[in-house]
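Subject: Structure handover

Hi,

Here is the structure I promised to pass on.

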Amino acid sequence: MGNSYEKMSSPSKTELPKVPTPLKNELAQFDSSKMKHAETQEKNSLPSKDDVQQEKVHNSILTGVEGFERSRLKSTETQEKSVLPNADDVVQEKIHQNIVSGVETFDKTALHHAETKEKAVLPSTEIIEQEKGHQKLVQGIENFDTSNLKHAETLEKNPLPTKEAIAMEKSAA
């Protein structure tokens, strides 16, 4: 790494960025007396009672940890208790070990060759005919040409009973 220093200098007036003329004119004509007065308000809220209490507790914990003396600790010995397995656990473990060893030492030569036969069940002729009929019905509905239909007007006829029929019903009742 060489010790080469570059001489630094300030930019010349021609190298500085130019301010657009309309902005320069607007700034020159600006009247600061037209500005409104605004008062600055400093807001420095004091901490609440709970915040102060939390900080005191936190500081007391920190000072307690920092000022802790290890010499005040008492020496203790750890006693490890090993739980021996019961009879059921021993039996379960032996069964598991026998299965694992049986799989590991299995003799593949004792196996016989077997061929798998896959049977594909084909539908009967009746089912095939039903399906063909259903497909024809669906195609007929899908391909139906509504332009072949003729316009028809439906007239609802609801004849009212005559005076004689009403009189006969009244006399019969």
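Let me start with a single side chain: does Ile 95 count as buried, exposed or partly exposed, and why? Ile 95 counts as partly exposed because its relative accessibility is 43%; buried means under 20% relative accessible area, exposed over 50%, and partly exposed is what lies in between (1.4 Å probe, protein chains only).

A word on the ground rules. This is a predicted model, where local features need pLDDT of at least 70 and side-chain atom pairs count only at pLDDT 80 or more, while totals for chains, interfaces and linings use all residues. Residues are numbered from 1 along each chain as its sequence is written, and side-chain values use heavy atoms, with hydrogens and water left out.

On confidence (pLDDT, the predictor's own score for each residue, from 0 to 100), the protein chain has a mean of 86, with 97% of its residues at 70 or more. Helix 3 has the highest mean, 93, and helix 1 (residues 21-28) the lowest, 86.

The protein chain has five helices and zero strands; these are DSSP runs numbered from the N terminus, H or I of at least four residues for helices and E of at least two for strands. Its radius of gyration is 52 Å, whereas a compact globule of 173 residues would have one near 16 Å (taken over C-alpha atoms; the globule rule is 2.2 Å times the number of residues to the power 0.38). Along the principal axes, the C-alpha atoms fill a box of roughly 115 × 95 × 65 Å. As for burial, 0% of the 173 residues count as buried.

Back to Ile 95, which sits in helix 3 (residues 87-104). Together with Val 91, Ile 99 and Val 103, Ile 95 makes a nonpolar surface patch of about 380 Å². Areas are Shrake-Rupley with a 1.4 Å probe, and for residues only the protein chains shown count as cover. An α-helix has 3.6 residues a turn, so residues three or four places apart point the same way.

Finally, Gln 130 is in helix 4 (residues 125-142) and is exposed, at 60% relative accessible area. Gln 130 and Asn 98 are 58 Å apart, C-alpha to C-alpha, and 32 residues apart in sequence.

Cheers

Methods. Patches are made of residues with over 30% relative accessible area and no salt bridge: like charges are joined within 9 Å, nonpolar side chains (Val, Leu, Ile, Met, Phe, Trp, Tyr) within 5 Å. A salt bridge is a side-chain nitrogen of Lys or Arg within 4 Å of a carboxyl oxygen of Asp or Glu.
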